[in-house]
Every structure is written in structure tokens, then in C-alpha cells.
Amino acid sequence: MNNNLEIIADYEKKNKKVYLLTSVLAVLIIITVFYSLVSGAADIDAGELIKAALQQKDGMIYNIVWNIRLPRILTSLLAGMGLAVSGAVMQSILKNPLGSPFTLGISHAAAFGAAFAIIVLDFSGSFADRVLSEIYIPAISAFIFSQIAIFIVIFLARKKSSSPETMVLAGIALSSLFTAGTTALQFFADDLELASVVYWTFGDPGRTSWTQIFIITLSFILIFIYFIYQSWDFSILNAGDELAVSLGIDTEKIRLYGMFAASLLTAVIISFVGIIGFIGLVTPHIIRKISQSNERFHLINSALAGGLLLILADNLSRTAFAPIILPVGVLTSFLGAPLFIYLVIKGRQYW
Amino acid sequence: MILNIKELDFKYNKEKVLKDINFGLNKGELLTLIGPNGSGKSTILKCINSYLKPNKGNINLFDRDINSYSREELARMIAYLPQKEKHNFPLNVFETILMGRKPHSKWKVDKEDKKITASLISELGLSKIAFKNINNLSGGQQQKVFIARMMAQKPKIIMLDEPTNNLDLRHQLEIFKLVKEQTKKGISAVITMHDLSLVSRYSDKIIMLKGGKVFASGGKDILTAANIREVYGVEVSLKKHNGNMIIIPEDTICV
């Protein structure tokens, strides 16, 4: 009996270490957000910042904080969190360390959608343009096409009882298809359109409006709650379908809904922010490397770490070549690719 | 009879894998399914687990068709250990056993779950490895952990698909004894096996399958040289040793 209590105590101790990581990440996020608010092309000191935050007035500092920096930081935070948690969920339910919005063709489909809207559809000055100007038409098109990609992946997977392999392979096939489509569209585009397409593909958290941030926040919160609620199921799926069924899990349903939710969140983020590579793929692996935890805390910690990483990366991209602002998507890919190769070589068991 | 299988047919890509399977399982009984590779042993387990849907026939559990139970209700009655279990993102032993509590605790682990897990860990002598990564354990230890997970489900029936494959001699015996102990507590067990000597030593009931059909069923007495020759295509001699039967393969024969 005593022995049992000891085992439970050890289990709680292990969990405490995981909670500690969660708190450290949360504190780091708060510090980084504050740091990002005061640092940048225009120097603002902390006192002025607080004054600006509290005064409901116009003014340069007020403008920089409320209209430039804060939206940018919040977008980075939410996009990083959303992409990382989606990547983590995709990896779990596909039982595949390569699961991410990139490998499943969602990013490429979104890029195609944006290119399609910019090059083929011309809404400028029309009724639709005025109504939807706030949400921005390429974003809607990107969202629609990424949903089409997801539905094709899920449809193909259903034909083969939603096996993870089918989803990954279908995703890879779709990626090349949409990349080919984007290239073809670009071939027929004029210089201006080409520039906007290229600009769109660079992920940049500085382009979101408050309405868009609100939409991202809402989808993140709802989908994150769903993920946390289902996290135990996700981790059992990862031990194999036969076992999951014997533990009372409707494997097909959980996998389809989980994939759908993860893709939806990714699509919302990519549509507004553009393509930000590697955060979704690498962050869950970093978290697995530094802490062994159950799925629930793996998802929470991956989300926090993703947010933190993207804010840091965005800071770097703003300041490294100041006053030129490098798109953060370029930076994450530059940093993410070698990091990913390092993780592969360092070798965890699943490679 | 707690489990009753009647006229079960299963087709895979139009090929009949199971043909007219009939058998029953009593409380506390250890039933072994034997037969060559591909004779349909695992398929039967997968049908009972409702992972596969049979094309014909029914499976009754406590006098009700298994399709009338929800997945969770089934999971609280039948625990299953598949032949292969691969963890791409491995958990530790404690978390793995805790999985067995899933059918009882919707989405969150509670105190009771932790208690049951801890007591199974001490009961099976796994305390020293309780927080080790499941993928770093030996095959025998892994199998014990998986059996503990089945026990955490608090089931009425446990099903194990070739649980002693790839295990050393000591672990083969340990696993079999462990299962036998459970049956003494009133849990019924269905096992698929290849080691006929172990089968004859521990089974209460044996079903011999050949080409998806029941070739013979009954007690240990169905393990005759003639039956084994017919089903496996191997000439064997049977020896008695300390009251246990030992089956010695002599040579393969042309069928």
C-alpha cells in the first residue's frame, strides 16, 4: 500500500516538472511581449509605453503601440501557438513525426488560393470588395483552397479507412499539385500581381487588422479547448488503431475531426498571416526533446513554445536588418530547416 | 456462457477468411485459438473487439449482440492486446497503464485511476521501471506492462494475440502464468498461440483452426498427432512429462 502511494507521489512529481515548464514558458512570453513592445525602430521607454497604453489619445507613441506593435505581437503569439498546436495534433493523430500544415498540403493550397485571387479574380472597386475589404479577398480565397485541400486529403483517406499513411501521402501529392498551380498562375501574371503574390507568400504578422486578430483568437480558443478535451484520445490513437478501438475510441471519427480542426485553425492563420514554415513542424519536437509529458501538457507546452518562438523570430526579423523588416516566414524557414535536420540527426526513437 | 459466437463469416477483399465459426466462452475460462499462420486466429479476435465487422453471424456478450453495446461499454468488458504495438511517441510505463482507465474516465484522469495504476504496478513488480520509457523496455517487460493496462480496464474478458511471441523462455512462462492467475479471479481469457506444449498445459478449452474453419474444438485431448498433422502439416510425437504433455515436431510432411 505504501509502495502504491510512493508511485503516485513520483507520478505527481514528474507532472510538477511539466507544470514548471509551462509556467516558465508563460513567464517568458510575458517578458518577450513587453520587450517587443518597447523595442523597435522607434525607441520607446517603459514609462512612455504605460502612459500611451492608458491614455485614450492619438499621438505617435499611442499609434506605434496600438496600431503597429501590439497587433503584430499578438498576431505572432496567436499564429505561433495555433501553428504549433496544430502541428502537434497532426503528428499525434497521424502517428507521424512529419505531420504539419506543410506536409499535408494546406500551406501550398493556401498560397495557390491567394495567387488565384490576386491574379485571376479582380474585385477591386466591386461590391464584394467594399463589403469584404476588412477581411481581404486573397485571405478568403486562400482559406477556401486550403479547405479544399483538406477535404481532398480526408476524402482520399476515408476511402482507405482514414489511415495515417494515406493522409500523409495524399498531402504530399496535393502539395506538388498546388505548387505547380501557383507557378502556372505566376507565369501568366503581370509584374504587379507577381509582386503581390510573392509578398503574400512571405508570412508576415504585421499585416493583420484587429478584426482579423479577433477571428484568429476566436478560432484558436475554440479549437484549443477541443484539442485539450480530446488529448487523451489523441495519445491513445498514437498507440495503434486496434488498441484504440479496444479502449472504446471511435478512431475514424476522432482522426477526422481532429484533422479537420487542426487544418481549420492552420487555414485561418495562414490566410491572414501568410505562410510561416517550420513552427508547426519543429516546435512539438523541441518540446518532446525537453520534456516527456502526457499529450495534454504536450499540446499546451507546444502551443506556448510556438507562440514564444514566433514572437522571438519576429523580433529578430524586425531588428536584425533594421530599419528593413525581413518577413518572419523567411526567417523561420532559415532557422527551422537546420534545426529540424539537427533533431533528425540527434535521433529520437521515431526516426 | 458469457461470450457466444455463432456462424461467424468474415470476408476480406471477397476472400473468405472465416467460415462458420462457432464457439462459446465461460466465466474464468482460458480458451486458446491455435492453427497455422493465416488460419484466422487474429481475425476472430479483431471481430470480437469490433475492430472488424463480420459479414455474417453474431457475437453475443452476456446474451446481447455486441453491436448493441457502445464502444465504451465494450471497452469496459473486453480488453485486447494486439499482436504488434508500436509507439511512435512513447509514454512511460505509468502513463501506458493509465490508458486502460480511458473507458472509465471520459477525458481526465482521476484519483481512482492513479490508485488502480499504482497498485497494478506494484502487483506485477514493475515499480523499478514505473517511469521508464516504454520503448526502452525489453519485450517481456513491455508485454507485462500491456497486460497491466488490460487489467486497469477491469474487464470481464481479456484477449491476447500471440502474447508470447519473441519472448524468452522465462517471460513466456511468466506471461502465461499471469493470464492464468487472472482467470482464477473469474476473468475469462482468449489467447492465440503457437507453442502447443504451453497450450496443452494451461488451456481449459482449445479451438483448432484450419483455413478459417474450426477443425476441432474441445479440451487438451484434441491435441493428437493426427489432428496436428492434418492442421499444421507436421509429423509430431507426444510425450508425457510430469503430467504435462510435450509436443515434439519430427518432420514436415507434404499436404
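**A walk through chains A and B**

B:Lys14 counts as exposed because it has 5 C-beta neighbours inside 10 Å (exposed is 12 or fewer other C-beta atoms within 10 Å of a residue's own, buried is 20 or more, and partly exposed is in between, with C-beta atoms placed from the backbone). This is a predicted model, in which local features need pLDDT of at least 70 and side-chain atom pairs count only at pLDDT 80 or more, while totals for chains, interfaces and linings use all residues. Residues are numbered from 1 along each chain as its sequence is written, and chains are lettered from A and ligands numbered from 1 in the order in which they are written.

Let's stay with B:Lys14 for a moment. You will find B:Lys14 in the loop between β1 (3-12) and β2 (15-25) of chain B (strands are DSSP runs of E, at least two residues, and helices are runs of H or I, at least four, numbered from the N terminus). Its phi is near 70°, a positive value in a residue other than glycine. Most residues other than glycine have a negative phi. B:Asn166, in the loop between β7 (157-161) and α6 (169-184) of chain B, has a positive phi too, near 60°.

Now turn to where the chains meet. Here 35 residues of chain B are in contact with 29 residues of chain A (contact means C-beta atoms, placed from the backbone, within 7 Å). The largest share of chain B's side, six residues, comes from α4(B).

Finally, look inside. The largest nonpolar core has 158 residues, and A:Ala110 and B:Ile97 have the most contacts inside it (such a core is a set of buried Ala, Val, Leu, Ile, Met, Phe, Trp, Tyr and Cys residues joined through C-beta atoms within 7 Å). Helix α3 (residues 60-93) of chain A gives the most to this core, with 13 residues.

Terms used:
Contact = placed C-beta atoms within 7 Å.
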